[in-house]
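I opened my notebook to jot down what I looked up in this model.

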Amino acid sequence: MESIVEPENKPRELTMVDVAKAAGVSRATVSRVLQDRGRFSPQTRALVLDAVDRLGYVPNVMASDLASRKNNTVGLLLRDAANPAYGLLFTELQNAAHQAGITLISMTITDDPTSVRQLDSLNRLIGMRVAGLIVATGSVAASQLAPFSQRLPILRAGRPEPAAAIHAVSYAEENNGRKLAEHVVGYRHRKVAVLITPEEQSYPEYIRGATMAKVLEESGATVTRLPVSGPEDGAADATALVTAGKATAVMCPTDRRQLAVMRAMKAAGLSVPADVSVSGCDGVLPGSDLLDLTTLRIPVERLAQRSIQNMAQLIAGEQPGLIHEQLDGALVPGGTVGTAPLV
């Protein structure tokens, strides 16, 4: 049997003992300085931090948390960060966590229609001894999160949560959808195509689309619901409806889908908004102001702050009740919605 020989020059992992020797202090002093606990002089602190820098020592955060019995490490499950809305949310969560003294360990999942990989990621995060979980994806059902909520604090960030047992800070998607639909109705559109994402793929997008369709119908408009899944889905069908005179406006649940529809309209020789009005939602797409998109700006920054603030209370045991917060977005009237053309 072939034996495995470890290389003789394999680097040894640095420890607090190495830092203590380099600084000329005890290991206990190094521990107090790195955890900023107990008594030590400014000179001692400087000696320890200088030794840490010279040696390149990296503290084991999880081990320190366990030793101090204070765990401020939180796991974050994030949907595809290539999506501008999730990318910005990731940045803002990291900023808010840093200010609150919380360490975020994040895992990002892209294509996962059955949620198997996302659930596996949650189990992996729990295996890392995190104190709580923030779930920032719209495709994991409440029933799938319930078992995790019995093991540690878990908070949904960004998706409205219908389940009573799951903490959530979300966008007020019904209000968002209503604001957009009422804006389009105000421009006298009575034949509208609405792109609707499946509930199991993205619950927030589904709520937006379903609410827009409902409000439009309540106003007397004729609505054509277009089921969409992939990023380009619905664009060709919406273009065909406009060309056939069956729609004067197309409403999309995201700005990325709005751009796909506008691209298809342009390829068909149709002008926005002269021939057809198009709207989206998110308002965080880089350059959306230059494109003069009609959209709704979701409060990503506020959502991140409230999610971290609530999680800090949960892991400290200071939150007595269930958290269900919804944050309203702001309508951004742009140049892609105009008065319905005469037909």
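Below are my entries, in the order in which I looked things up.

**Entry 1: ground rules and confidence**

I am working with a predicted model, in which local features need pLDDT of at least 70 and side-chain atom pairs count only at pLDDT 80 or more, while totals for chains, interfaces and linings use all residues. I number residues from 1 along each chain as its sequence is written, and my side-chain values use heavy atoms, with hydrogens and water left out.

I started with pLDDT, the predictor's confidence in each residue, from 0 to 100. The protein chain averages 87, and 91% of the residues score at least 70. Over residues 1-6 the pLDDT is below 50, and beyond near neighbours in sequence I found 0 contacts for this stretch in the model (a contact means heavy atoms within 4.5 Å). Where pLDDT is low, the predicted coordinates should not be read in detail.

**Entry 2: the largest pocket**

I took elements from DSSP runs, numbered from the N terminus: helices are H or I with at least four residues, strands are E with at least two. Grid points are joined across faces, edges and corners, and a volume is the space filled by probe spheres set on the points.

The largest pocket holds about 850 Å³ of space. It has 39 lining residues, and R79, N83, Q201, E205 and R256 are the closest to its centre. Two or more lining residues come from each of α5 (84-100), β4 (154-158), α9 and α11 (255-267). I noted α11 as the source of the largest share, 5 residues.

I then sorted the lining by type: Ala, Val, Leu, Ile, Met, Phe, Trp, Tyr, Cys and Pro count as nonpolar, Asp, Glu, Lys and Arg as charged, and the others, Gly among them, as polar. That gave me 13 nonpolar, 12 polar and 14 charged residues.

**Entry 3: T197**

Which side chain does T197 meet in a polar contact? I found that of E205, at 2.7 Å. (A polar contact is a pair of N or O atoms within 3.5 Å; within protein, one must be able to donate a hydrogen and the other to accept it, and residues adjacent in sequence count only if both atoms are side-chain atoms.) T197 sits in the loop between β6 (191-196) and α9. I count T197 as buried because its relative accessibility is 1% (buried is under 20% relative accessible area, exposed over 50%, partly exposed in between, with a 1.4 Å probe and protein chains only). Leaving out residues up to four places away in sequence, T197 touches S202, E205, Y206, V228, P253 and R257.

R208 belongs to helix α9 (residues 203-218). Is R208 buried or exposed? R208 is buried, because its relative accessible area is 4%. The side chains of R208 and D282 are joined by a polar contact of 3.1 Å. Beyond four places in sequence, R208 touches E173, G177, P253, T254, C281, D282 and I298.

The volume of the largest cavity is about 30 Å³, and N83, P84, A85, D255, R256, D282 and L285 line it.

Among these, A85 lies in helix α5 and is buried, at 11% relative accessibility. A85 and G283 are 198 residues apart in sequence, yet 8.4 Å apart in space, C-alpha to C-alpha.

Most residues other than glycine have a negative phi, and most peptide bonds are trans. I found a cis peptide bond between V272 and P273, with omega about 10°; P273 is in the loop between α11 and β9 (277-279).

R188 has a positive phi, near 65°, and lies in the loop between α8 (173-185) and β6. R188 is exposed, with a relative accessible area of 57%. D292 also has a positive phi, about 55°, and is partly exposed at 39%.

Conventions:
On a 1 Å grid over the protein atoms alone, a cavity is a set of points where a 1.4 Å probe fits but cannot get out, and a pocket is an open set with protein on both sides within 12 Å along at least five of seven lines; lining residues have an atom within 4 Å of a point.
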